Amino acid sequence: MKTPASLKNKVAIVGVGESDIGKVPHMTGLGLNAQAAKRALDDSGLKISDIDGVLTAYSFTEPYFMLGSVLCEYLGVTPRFNASVICGGASPAVMLKHAAEAIVSGQAETILVCAGENRATGLTRDAALSALLAVGHPYFEQPYGGSIPGYYAMIAQRHMHVYGTRREQLAHVAVNTRAHALLHPNAHMKKALALQEVLDAKPIADPLGMLDCCLISDAGGAFIVTSAERARDLKAKPAYLQGIGEYHTHEHLMCAPSLTQFGATESGRTAYQMAGLGPQDIDVAELYDCFTIVPIIELEELGFCQPGEGGAFFAGGHARIGGQLPVNTHGGMLSHAHAGAAGGLFGIVEAVRQLRGGLGERQVQGAEVALVHNEGGILSSHCTLILANDKG
Amino acid sequence: MEQASLPSPVANADSKTYWDAARERRLLIRRCNSCGQLHFMPRHLCPICWSDQLEWVDAAGGGSVHSFTIIRRASDQAFAPLVPYVVALIDLDEGPRMMANIVGSNALAVKIGDRVQVTFEDRGDSAMVPQFKRVAA
């Protein structure tokens, strides 16, 4: 396969924003997107009129036809570049890639990327779970009463079988990310979490319990991408895109080529190659963590440890701030927020903040290069990106 | 066993033959007459070589458990009365992989690698869904 054209150092993220997070019943999903967009714009110091491109993803709670156009209409912007990108949880990273491609080819100069929904209060919990059922194949999976946690549980079960990964190691992922969330002022979860609480939590789908599963939050997130040239004289320190790659192997679990190796290996390879960097160069990683098994697999596929060693990496404390490779320093989707495509978007927001510095206790010392991995579906669609500040 | 309260399979143009055969307690898979490969999820063309020269063949019904989970909380309310129940990925002896429940009195003791055999569950109106039972090794 031909190597994708390089996007290295051509664009930068110059503004990031998070809406209010948690249970925000007085706001709509579009309102949360707008609040995040406004905060990202303020963060960048740009004007509304500077935005000539808008990308968004999808919404289960407000399933408008043409969500991209609907969001632009709501925001009162008339861009020359717009789309709704639907790659599940991989959408935010994929949107960054589309934005970079559009900017590099001159289709737009400054693009707002925005996602999120009011998943905690816009639907009842049962309605939210039912809507998510649609991720299973309607004819060959749904008749068997599976669930998204159930599909990921089968992946966890296989990982345990093949590599000897232990239940406690999965639980350590949840504990790790909760410790980080306590350092984030806007995180959904505010209470400390002990290993035993994760192990004792209500069982959902063996081996996963309630606390191995991501949150259901009201949340919107946004970031603004512009050319590296334009980024230099803006208000905030730019986070320059070094490498980005995607890979897609299936949608439905029954069609996954493997239950132990997914598309992160390939998306990561593309991103590293473009950046001219390897796992050893990464200072902080924000990995998709809809379920505790997922960052374990991502650590392995992205080359931070050997296959089968991801569980021990978390259990050994190596993913803590101050450890060998801090992972999900904002608290991830397990403890910071998860609301549709906003979940993975917050990993990008956090990577930018880490590269800017000044996060106090949450700051990874000397963070110059950050990796973010988003995945969508049942580890179906993957996108890996690497950002660096001007020192990285 | 009849499970008429559970969702009936929905057939479309790709899968009508599959579900019609299930009513006759037959498990069908697809074979490509161009490259010879077998696959499970029926579609208009072969996912390997894109030939549209496909035929249906009977699977023998034997397989092994590639992975599984025990669902303790159902997302689909129709399944809530059944918890705990097993959802599994089955590797058919012919090669293709499919999803199904492991049913039977010893289903909850399932392990990866267990041998299983197809059985059919009546979802009402004689609409049958392929399921699997554990068999002794």
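Author: Phe140(A) is buried, and so is Tyr18(B); buried means under 20% relative accessible area, exposed over 50% and partly exposed in between, with a 1.4 Å probe and protein chains only. This is a predicted model, in which local features need pLDDT of at least 70, side-chain atom pairs count only at pLDDT 80 or more, and totals for chains, interfaces and linings use all residues. Residues are numbered from 1 along each chain as its sequence is written, chains are lettered from A and ligands numbered from 1 in the order in which they are written, and side-chain values use heavy atoms, without hydrogens and water.

Rings come next. Rings of Phe, Tyr and Trp (its six-membered ring) pair if their centres lie within 6.5 Å; planes under 30 degrees apart are stacked, over 60 edge-to-face, and the rest tilted. Over all chains, the whole structure holds eight aromatic pairs. The ring centres of Phe140(A) and Tyr18(B) are 5.1 Å apart and the planes stand at 80 degrees, so this pair is edge-to-face. It runs between chains: Phe140(A) is in the loop between α4 (125–133) and α5 of chain A, and Tyr18(B) is in helix α1 (residues 16–23) of chain B. Helices (H or I, at least four residues) and strands (E, at least two) are DSSP runs, numbered from the N terminus.

Phe140(A) has another ring partner, Phe40(B). Their centres are 5.3 Å apart and their planes at 80 degrees, so that pair is edge-to-face. Phe40(B) lies in the loop between β2 (38–39) and β3 (54–58) of chain B, and Phe140(A) in its loop of chain A, so the pair joins two chains. Both Phe140(A) and Phe40(B) are buried. Ring pairs gather Phe140(A), Tyr18(B), Trp19(B) and Phe40(B) into a cluster.

Charges meet rings too. A charge sits over a ring if NZ of Lys or CZ of Arg is within 6 Å of the ring centre and within 35 degrees of the ring normal. Arg30(B) has its charged end over the ring of Trp56(B), 4.4 Å from the centre. In chain A, Arg119(A) lies over the face of Phe60(A), 4.6 Å from the ring centre.

Now a buried strand. In strand β5 (residues 85–92) of chain B, eight of the eight residues are buried, so the rest of the structure largely encloses it. Both faces are covered. On one side are Tyr85(B), Val87(B), Leu89(B) and Asp91(B); on the other are Val86(B), Ala88(B), Ile90(B) and Leu92(B).
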